Amino acid sequence: MGYPGMPPGFWIELIKILSVVILLVGVIPAVFRYRMGASKKKWFSYNHINEFHKKVDWTLRIVFVIFLITSATLFNSQPFITYIVFGFFILTQIGVQAYIEWRFSDNRKDFQVSLIQLTLTVITLFGFIFWLEYFS
């Protein structure tokens, strides 16, 4: 007979996974940004380079919300598709940021750190997909 609630060891597993995600997506790019001399980014800020970047970023966000609502409504029995839409949005957002920084930023190190962040995010998303498939 099963027990209600979380399986044994869930919280320890979750803490391990969150620690790795924070390390890969937050700490390592910040260290690279500092060591390479790239511009310091504010946490939870938009960090727009120019008006073009602001327009593209907000267009992506609006399109993402529409796709997220649509995928959650149409594929509510398959939440994995919603995860794919969410992951694609994150990768697109970082990729656009790297491109805009490459084209328009004064500091050439900014786009290199964004590419490192993009690579680490891809690794994190593949790890998350593997974790979902392995523990489902």
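The following legends describe close-up views of a predicted model.

Local features need pLDDT of at least 70 and side-chain atom pairs count only at pLDDT 80 or more, while totals for chains, interfaces and linings use all residues. Residues are numbered from 1 along each chain as its sequence is written, and side-chain values use heavy atoms, with hydrogens and water left out.

**View 1. The whole chain, for orientation.**
The chain has 4 helices and 0 strands, where helices (H or I, at least four residues) and strands (E, at least two) are DSSP runs numbered from the N terminus. Along the sequence the pattern reads α-α-α-α. Taken along the principal axes, the C-alpha atoms fill a box of roughly 65 × 35 × 20 Å. Of the 136 residues, 23% count as buried; buried means under 20% relative accessible area, exposed over 50%, and partly exposed in between, with a 1.4 Å probe and protein chains only. Among contacts (heavy atoms within 4.5 Å), those with a separation of 6 or more in the chain are 65% between residues 24 or more positions apart.

Helix H1 covers residues 10-36, and its 27 residues should span 39 Å at 1.5 Å a residue. The expected span is 1.5 Å times one less than the number of residues. The end C-alpha atoms of H1 are 38 Å apart, which agrees. H1 bends by about 40° at Leu23, the bend being the angle between axes fitted to the seven residues ending there and the seven starting there. The buried residues of H1 are Leu24, Gly26, Pro29 and Arg33. Val20 also lies in H1 and, at 46% relative accessibility, counts as partly exposed. Just after H1, Gly37 takes a positive phi of about 80°.

**View 2. The contact of H2 with H3.**
The axes of helix H2 (residues 51-74) and helix H3 (residues 79-104) come within 10 Å and cross at roughly 175°. Axes are lines fitted to C-alpha atoms, for helices over the stretch in contact, and angles run from 0 to 180 degrees between N-to-C directions. H2 and H3 are therefore roughly antiparallel to each other; angles over 145 degrees count as roughly antiparallel, under 35 as roughly parallel, 65 to 115 as roughly perpendicular and the rest as oblique. Residues of H2 in the contact include Phe52, Val56, Leu60, Phe64 and Leu68, and those of H3 include Ile81, Val85, Phe89, Val96 and Ile100. The residues of this contact divide into 14 nonpolar, 6 polar and 2 charged. Here Ala, Val, Leu, Ile, Met, Phe, Trp, Tyr, Cys and Pro count as nonpolar, Asp, Glu, Lys and Arg as charged, and the others, Gly among them, as polar.

**View 3. Buried positions in H2 and H3.**
H2 has 24 residues and reaches 34 Å from its first C-alpha to its last, close to the 34 Å expected. The buried residues of H2 are His53, Asp57, Phe64 and Ser71, and the buried residues of H2 pack against H3. H3 has 26 residues and reaches 38 Å, close to the 38 Å expected. Among the buried residues of H3 are Thr82, Gly87, Gln93, Gln97 and Glu101.

Leu91 is found in H3 and, at 26% relative accessibility, counts as partly exposed. Not counting residues up to four places away in sequence, Leu91 touches Leu118, Thr121, Val122 and Leu125. Leu91 and Thr119 are 28 residues apart in sequence and 9.1 Å apart in space, C-alpha to C-alpha.

Thr124 lies in helix H4 (residues 109-135) and is buried, with a relative accessible area of 13%. Residues up to four places away in sequence aside, Thr124 touches Val21, Leu24 and Val25. The C-alpha atoms of Glu133 and Phe80, 53 residues apart along the chain, are separated by 9.8 Å.

**View 4. Asn107 in the loop between H3 and H4.**
Asn107 lies in the loop between H3 and H4 and is partly exposed, with a relative accessible area of 22%. Asn107 touches Gly37, Ala38 and Ser39, not counting residues up to four places away in sequence. Between the C-alpha atoms of Asn107 and Ser39 there are 7.0 Å, at 68 residues apart in sequence.
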